[in-house]
Amino acid sequence: MTGVYLTLFLFFLSSTTVHAKTIDWVVTDFAPYYIFNDQYAGTGRDESVISLLEEQLPNYTFKRVILPSSRTVREVSNPNHTYCMLSLYQSEHRREHIAFSEQASTIGLSPSIAIHKELLHSLKLDPNAQISLKKLLSEYKLTLGISMSRSYGETIDDVINTNADASIIIRPGRDTLASLTYMLKKKRIDILLGYPSEHFYLAKSMGFDDELIQLPLTEASELSFGYIGCTNTAQGKQHIKTLNSALAIIKEQPSYHEVLIRWLPDNLKPLLEQRLQANKNASTK
């Protein structure tokens, strides 16, 4: 009988150890952060960072759980199961249910506008300079496309909400940005607001990325930071400690830098590199 108890104890201990060494990642079909189905499958920014972390933690098993984007934060917040997710923005409410890494897991450029090169030249805009969204709407009277119920930061949201006379097309529903990108391609809108990597991926997928250029906005912050978030359980907090240490290592690797700039147009890659270096210098002072 003692042998039976010993066997059960060892089995329980082994199962607990395996469970503790497994991280369940929430992923979602949202290109270019996760790319599942087209010719660029597997090259998404966030999924590539997870792979770099996996290489850094050979004693851990990484499992990917695919969920609709509408459910991701809700599931990571649910204490009934410990999940982790990359590139989450922090907020006071989220910190009540989610433990966050100290290290940013991804750093990217803030929202920009995509515009046809032809229109850019006709307006005599500088392709290498930031532009004011308010000026584009009020002075140039351009038609703006945006996704419904999406925040672009307090300052940009304020510009959108306080320009009552501006021509703004708001699209609801699934694949909103793809629909707006198609409208931009057909010149049914003049400018499109969104994150640079999203613009570039969609335009590239539709085969007209060489016709567009993206301009950073004066109303946007220089960088956008995303963090690893794990369910606020004892296990989730332990995962955060492990992943935070691994992040500090992979962020010094050239492969991590390549991932961050992979889905940026050529004119914005130097800008991100410049701002990343400035941020790094500021953090070491």
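Residues are numbered from 1 along each chain as its sequence is written, and side-chain values use heavy atoms, with hydrogens and water left out. Because the model is predicted, local features need pLDDT of at least 70 and side-chain atom pairs count only at pLDDT 80 or more, while totals for chains, interfaces and linings use all residues.

Visitor: How do the axes of helix H2 and helix H10 lie, roughly parallel or roughly perpendicular?
Guide: Helices (H or I, at least four residues) and strands (E, at least two) are DSSP runs numbered from the N terminus, and axes are lines fitted to C-alpha atoms, for helices over the stretch in contact, with angles from 0 to 180 degrees between N-to-C directions. The axes of H2 (residues 45–56) and H10 (residues 234–250) come within 10 Å and cross at roughly 105 degrees. Angles under 35 degrees count as roughly parallel, over 145 as roughly antiparallel, 65 to 115 as roughly perpendicular and the rest as oblique, so H2 and H10 are roughly perpendicular.

Visitor: How many nonpolar residues are in the contact of H2 with H10?
Guide: Contact means heavy atoms within 4.5 Å, and here Val49, Leu52, Leu53 and Gln56 of H2 meet Leu243, Ala246, Leu247, Ile249 and Ile250 of H10. Ala, Val, Leu, Ile, Met, Phe, Trp, Tyr, Cys and Pro count as nonpolar, Asp, Glu, Lys and Arg as charged, and the others, Gly among them, as polar. With 1 polar and no charged residues, the nonpolar number is 8.

Visitor: H2 and H11 are roughly what to each other?
Guide: Arg45, Ser48, Val49 and Leu52 of H2 make the contact with Ser255, Tyr256, Val259 and Leu260 of H11, once the axes have come within 9 Å and crossed at roughly 170 degrees. That crossing makes the two helices roughly antiparallel.

Visitor: How many residues apart are the cysteines of the disulfide?
Guide: The structure holds 1 disulfide, meaning a pair of cysteine sulfur atoms within 2.5 Å, and this one joins Cys84 to Cys230 with S to S 2.0 Å. The link is right-handed, with 105 degrees about the S-S bond. Cys84 lies in strand S3 and Cys230 in strand S10, and the pair links distant parts of the chain, 146 residues apart.

Visitor: Is Arg45 buried or exposed?
Guide: Arg45 belongs to helix H2 and, leaving aside neighbours within four places in sequence, is in contact with residues including Pro32, Tyr33, Val259 and Trp263. Buried means under 20% relative accessible area, exposed over 50%, partly exposed in between (1.4 Å probe, protein chains only). At 15% relative accessibility, Arg45 therefore counts as buried.

Visitor: What is the relative accessible area of Leu67?
Guide: Leu67 is found in the loop between strand S2 (61–66) and helix H3 (72–77). Val26, 41 residues apart from Leu67 in sequence, is 6.7 Å apart in space, C-alpha to C-alpha. Leu67 is buried, and the relative accessible area is 10%.
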